[in-house]
Amino acid sequence: MFRVKHHSDMIYIKLRKEEETEANGVFKRCPSLIMRAHLERTSGLHHPSLHLPIMDLESGVFQNHVKKESWKTVLTLAYQSLGVVYGDLSTSPLYVYKSTFAEDIQHSETNEEIYGVLSFVFWTLTLVPLLKYVFIVLKADDNGEGGTFALYSLLCRHARINSLPNCQVADEELYEYKKDAANTCLTPTTTFGLRLKSTLEKHRVLQRFLLLLALIGTCMVIGDGVLTPALSVFSAVSGLELSMAKEHHKYVEVPVACTILICLFALQHYGTHRVGFLFAPVVLMWLLCISAIGIYNIIHWNPHVYQALSPYYMYKFLRKTQRGGWMSLGGILLCITGSEAMFADLGHFSQLSIQIAFTSLVYPSLILAYMGQAAYLSQHHVIDNDYHIGFYVSVPGKLRWPVLVIAILAAVVGSQAIITGTFSIIKQCSALGCFPRVKIVHTSSKIHGQIYIPEINWTLMLLCLAVTIGFRDTKRLGNASGLAVITVMLVTTCLMSLVIVLCWHKTVFLAICFVCFFGTIEALYFSASLIKFLEGAWVPIALSFIFLIVMCVWHYGTLKAYEFDVQNKVSINWLLSLGPSLGIVRVRGIGLIHTELVSGIPAIFSHFVTNLPAFHQVLVFLCIKSVPVPHVRAKERFLIGHVGPREYRLYRCIVR
């Protein structure tokens with residue numbers, strides 16, 4: 001329903017939230033009602049049949065209301081997040097040890113290698129997903145939205161470095177801006193923060209570099225969305241090696257993996273909430289399964305394996321293996337694939353639900369699984385099968401087939417996290433004019449961030465199948481996926497340092513500590529991944545480069561098109577010289593003229609006036625624009641005002 005109220009010359013139209021699923025949808029369904037509501041009050045047009053009931057709106061209609069829900073809702077979202085967010089991270093035990101011991105290091109009788117790898121895995125999982133993402137980065141959400149571009153959007157709002165050309169001063173009166181001002185002053189309180197803000201606002205080069213950095217992170221997330229499903233599914237299916245001859249296995253592995261991937265992408269249109277409920281039991285079962293197997297292996301094979309959690313074993317590992325140990329870090333890195341998905345998928349859930357699921361279930365299960373594998377391998381140095389270092393050899397013989405089935409299902413789920421994150425991040429890019437417009441389907445009436453993008457879904461599927469068929473091997477897939485993962489993390493670390501100073505108003509010392517601590521860890525892994533450029537790591541770079549070109553060209557074209565519209569807009573004096581009838585016959589009805597301009601008359605209008613014999617009695621210049629906040633409240637969404645004198649019956653409607 002609608003309520004129209006005067007506010008100087010502009011009018012805010014309030015839309016009831018329950019009646020909208022997307023901004024464009026409302027406008028398509030009832031443009032005449034919206035305009036009539038305004039015209040009834042401003043231009044004297046009378047429509048006796050028009051009846052507009054007045055209803056009050058809930059306050060804060062587009063806040064991340066999930067966070068304010070009951071514990072029942074939070075726990076339900078935490079359960080759903082298992083199936084969407086943590087599938088990728090949970091299935092990493094399938095391939096971490098196998099990738100690490102692929103060729104750079106050997107498993108010896110002294111166990112220094114396996115203990116060193118376990119120590120690296122433990123501290124990497126503790127410092128990156130747990131400390132960095134769960135306790136720090138998740139707090140940098142953009143009003144509920146997460147991901148690389150959410151950080152960029154947050155910085156845009158605090159430092160006036162917006163990449164959108166048609167921004168207005170009025171946009172800063174939006175509730176989301178005021179909410180930021182109420183929670184944390186938009187102006188930095190430290191001297192360095194003020195200088196940094198001023199420098200960013202003055203220098204276009206720095207603004208473009210920041211945008212480029214955000215785009216690189218985004219492109220790597222898309223690259224990860226191609227590689228992670230292939231790696232997860234392929235690793236799970238590789239367990240068939242233990243059950244059939246090697247010559248038969250190579251003919252079965254690729255077709256089975258491709259079939260599973262096609263089914264996974266075909267399920268996406270059902271939406272995050274349905275997929276989450278469908279997949280969550282699988283991940284829960286998988287986590288309980290690897291925990292139980294881990295505990296069994298620790299007790300049965302090596303109860304003292306916990307000693308390897310000491311950082312001293314990392315030093316011993318690097319001292320013995322040297323260059324080979326450094327290169328093997330590219331395999332260890334795979335234990336944190338999916339960490340970025342926690343942040344990217346934030347819009348689909350809530351901060352608290354993701355934190356609860358990780359700290360109470362995912363993290364302990366993964367540590368037990370890696371310790372269990374290390375305990376088994378510490379007592380088995382010579383294994384007849386070629387599959388000598390891997391997940392399935394540590395599974396008791398009688399349980400291998402049931403575990404294989406659960407692993408394949410979990411690997412399918414594991415791919416869900418990054419696919420969902422890719423949808424969110426593409427939507428954010430599109431809103432900021434950095435990606436071609438795509439069809440965005442909102443799959444939930446309750447959680448605004450749960451979306452599905454058909455074009456991206458099928459593009460990811462085709463690329464994923466091409467990578468699977470092309471590589472046919474977890475080693476090269478692991479090298480490729482590792483580089484994509486660590487690049488995104490480095491970008492997040494860089495942007496977070498700016499958020500700490502500009503948005504959280506902390507000291508520069510804290511930002512430097514954050515960058516130095518996490519940046520050093522990630523740079524070490526990045527160097528180990530980059531060295532394997534020719535062994536698969538070139539794939540994410542090539543994919544990211546293609547997507548980066550598309551994004552940069554689209555953004556450049558968007559800016560140039562807007563500049564052209566601004567330079568060629570029609571003067572108001574020309575309009576006034578035509579008179580109220582505009583020199584043509586005005587017929588009953590309302591005409592909408594779409595334009596990107598937020599002020600002035602578009603050049604196309606002069607073409608209409610000179611070439612059309614008649615035009616509608618009421619003309620509306622309609623501008624649908626994005627603003628650098630994730631949500632615009634319903635009562636602030638429409639701005640309507642006169643263009644020229646009232647008797648001309650020309651109006652402008654800006655939909656934000």
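Visitor: Which hand does the crossing of helices H7 and H19 have?
Guide: A crossing is called left-handed if the near helix is turned anticlockwise from the far one by less than a right angle, and right-handed if it is turned clockwise. H7 and H19 cross in the left-handed sense. The model is a predicted one, in which local features need pLDDT of at least 70 and side-chain atom pairs count only at pLDDT 80 or more, while totals for chains, interfaces and linings use all residues. Residues are numbered from 1 along each chain as its sequence is written, and side-chain values use heavy atoms, with hydrogens and water left out.

Visitor: At what angle do H7 and H19 pack?
Guide: An axis is a line fitted to C-alpha atoms, for helices over the stretch in contact, and angles run from 0 to 180 degrees between N-to-C directions. Helix H7 covers residues 148-159 and helix H19 residues 474-502; they pack at about 25°, with axes 10 Å apart. Angles under 35 degrees count as roughly parallel, over 145 as roughly antiparallel, 65 to 115 as roughly perpendicular, and the rest as oblique. H7 and H19 are therefore roughly parallel.

Visitor: How do H10 and H21 pack, and at what angle?
Guide: Helix H10 (residues 204-237) packs against H21 at about 130°, and their axes are 8 Å apart. That angle makes H10 oblique to H21. The crossing of this pair is right-handed.

Visitor: Where in the chain is Val485, and is it buried or exposed?
Guide: Buried means under 20% relative accessible area, exposed over 50%, and partly exposed in between (1.4 Å probe, protein chains only). Val485 lies in helix H19 and is buried, at 4% relative accessibility. Val485 and Thr228 are 257 residues apart in sequence, but their C-alpha atoms are 9.4 Å apart in space.

Visitor: How far apart are Gly276 and Val85 in sequence and in space?
Guide: They are 191 residues apart in sequence and 8.9 Å apart in space, C-alpha to C-alpha. Gly276 is in helix H12 (residues 272-301), and it is buried, with a relative accessible area of 0%.

Visitor: What is the phi value of Asn111?
Guide: Phi of Asn111 is near 65°, a positive value in a residue other than glycine. Asn111 sits in the loop between helix H5 (96-100) and helix H6 (112-134) and is buried, at 8% relative accessible area. His505 also has a positive phi, near 60°, and is likewise a residue other than glycine. His505 is in the loop between H19 and H20, and its 13% relative accessibility counts as buried.

Visitor: How many salt bridges does a search of the whole structure find?
Guide: A salt bridge is a side-chain nitrogen of Lys or Arg within 4 Å of a carboxyl oxygen of Asp or Glu. The search finds five. One of them joins Glu113 and Lys320, whose closest N and O atoms are 3.0 Å apart. Glu113 is in helix H6 and Lys320 in helix H13 (residues 312-321), so the pair links distant parts of the chain, 207 residues apart. Glu113 is buried at 5% relative accessible area, whereas Lys320 is partly exposed at 39%.

Visitor: Which residue meets Glu596 in a salt bridge?
Guide: Arg437 does, with 3.2 Å from N to O. Glu596 lies in the loop between strand S5 (585-594) and helix H23 (603-611), and Arg437 in the loop between helix H17 (400-431) and strand S3 (441-442), so the pair ties together parts that are 159 residues apart in sequence. Glu596 is partly exposed at 24% relative accessible area; Arg437, at 64%, is exposed.

Visitor: How far apart in helix H21 are Glu563 and Lys560?
Guide: They are three residues apart, which means a separation of about one helical turn. Their side chains meet in a salt bridge at 3.4 Å, N to O. Glu563 is partly exposed at 36% relative accessibility, and Lys560 is partly exposed at 39%.

Visitor: Which residues form a nonpolar patch on the surface?
Guide: Patches are made of residues with over 30% relative accessible area and no salt bridge; like charges are joined within 9 Å, and nonpolar side chains (Val, Leu, Ile, Met, Phe, Trp, Tyr) within 5 Å. Accessible areas come from the Shrake-Rupley method with a 1.4 Å probe, and for residues only the protein chains shown count as cover. Leu530, Phe533, Leu534, Trp538 and Ile541 form the patch, with about 480 Å² of accessible area together. Leu534 is in the loop between helix H20 (508-530) and helix H21 (538-567), and at 76% relative accessibility it counts as exposed.

Methods
Helices (H or I, at least four residues) and strands (E, at least two) are DSSP runs, numbered from the N terminus.
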